[in-house]
Amino acid sequence: MKWYVLYVKPKSEKKVAERLRKIGVEVYCPLIKEIRQWSDRKKTIENPLFKSYVFVRIKEKHRHIVFDVPGVVRYLFWLGKPAVVRDEEILVIEKWLKDEDIEDITLSNLNPGDELLVKNGILKDHKGIVQEVGKKRVRLVIPGLGVVLNARIKDLV
């Protein structure tokens with residue numbers, strides 16, 4: 001059996017996961033705890049780590065049964081085939097979420113206008129403004145030096 005990635009309707013990840021469990025499908029929906037502040041109280045809520053995605057472990061010949069559950073949109077595809085996640089990757093996510101030293105987890109995308117710090121190279125510790133974002137590279141404008149920098153994403157903070 002392999003782990004597949006299901007794309008589900010927004011804000012229905014937990015409901016879809018519960019319904020899939022009820023029909024006998026092994027499901028993993030990683031959740032993170034967040035403290036939300038209202039005007040009169042604070043409340044701890046659990047939100048999905050990956051918005052609109054749920055992992056299912058199922059035999060390839062039974063992949064169609066997930067569509068019996070309301071909220072399931074489609075499988076995530078990679079190179080024309082359903083995306084498969086290795087068991088080790090699921091274990092890493094589980095271990096990472098159970099790590100007590102991690103207090104805050106966020107996933108974010110780089111967008112034009114974001115300010116970043118260069119952490120490697122000759123321009124280390126200089127701040128730049130994102131001008132353009134590619135798959136592995138970012139174009140930064142460093143106003144203090146009057147320079148445009150093309151950098152690998154991993155070299156930035």
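Buried means under 20% relative accessible area, exposed over 50%, and partly exposed in between, with a 1.4 Å probe and protein chains only. The model is predicted, so that local features need pLDDT of at least 70 and side-chain atom pairs count only at pLDDT 80 or more, while totals for chains, interfaces and linings use all residues. Residues are numbered from 1 along each chain as its sequence is written, and side-chain values use heavy atoms, with hydrogens and water left out.

**Exercise 1.** Classify Phe50 and Phe55 by relative accessible area.

Solution. Phe50 has a relative accessible area of 24%, so this residue is partly exposed. Phe55 has 7% relative accessibility and therefore counts as buried.

**Exercise 2.** Determine how the rings of Tyr28 and Phe55 are arranged.

Solution. Rings of Phe, Tyr and Trp (its six-membered ring) pair if their centres lie within 6.5 Å, and planes under 30 degrees apart count as stacked, over 60 as edge-to-face and the rest as tilted. The structure holds 5 aromatic pairs. In one of them, Tyr28 and Phe55, the centres are 6.2 Å apart and the planes stand at 25 degrees, so the pair is stacked. Phe55 also pairs with Phe50, at 5.8 Å centre to centre and 85 degrees between the planes, which is edge-to-face.

**Exercise 3.** Describe where the charged end of Arg63 sits relative to Tyr4 and Tyr75.

Solution. A charge sits over a ring if NZ of Lys or CZ of Arg is within 6 Å of the ring centre and within 35 degrees of the ring normal. Arg63 sits over the ring of Tyr4, 5.6 Å from its centre, and over the face of Tyr75, at 4.8 Å from the ring centre.
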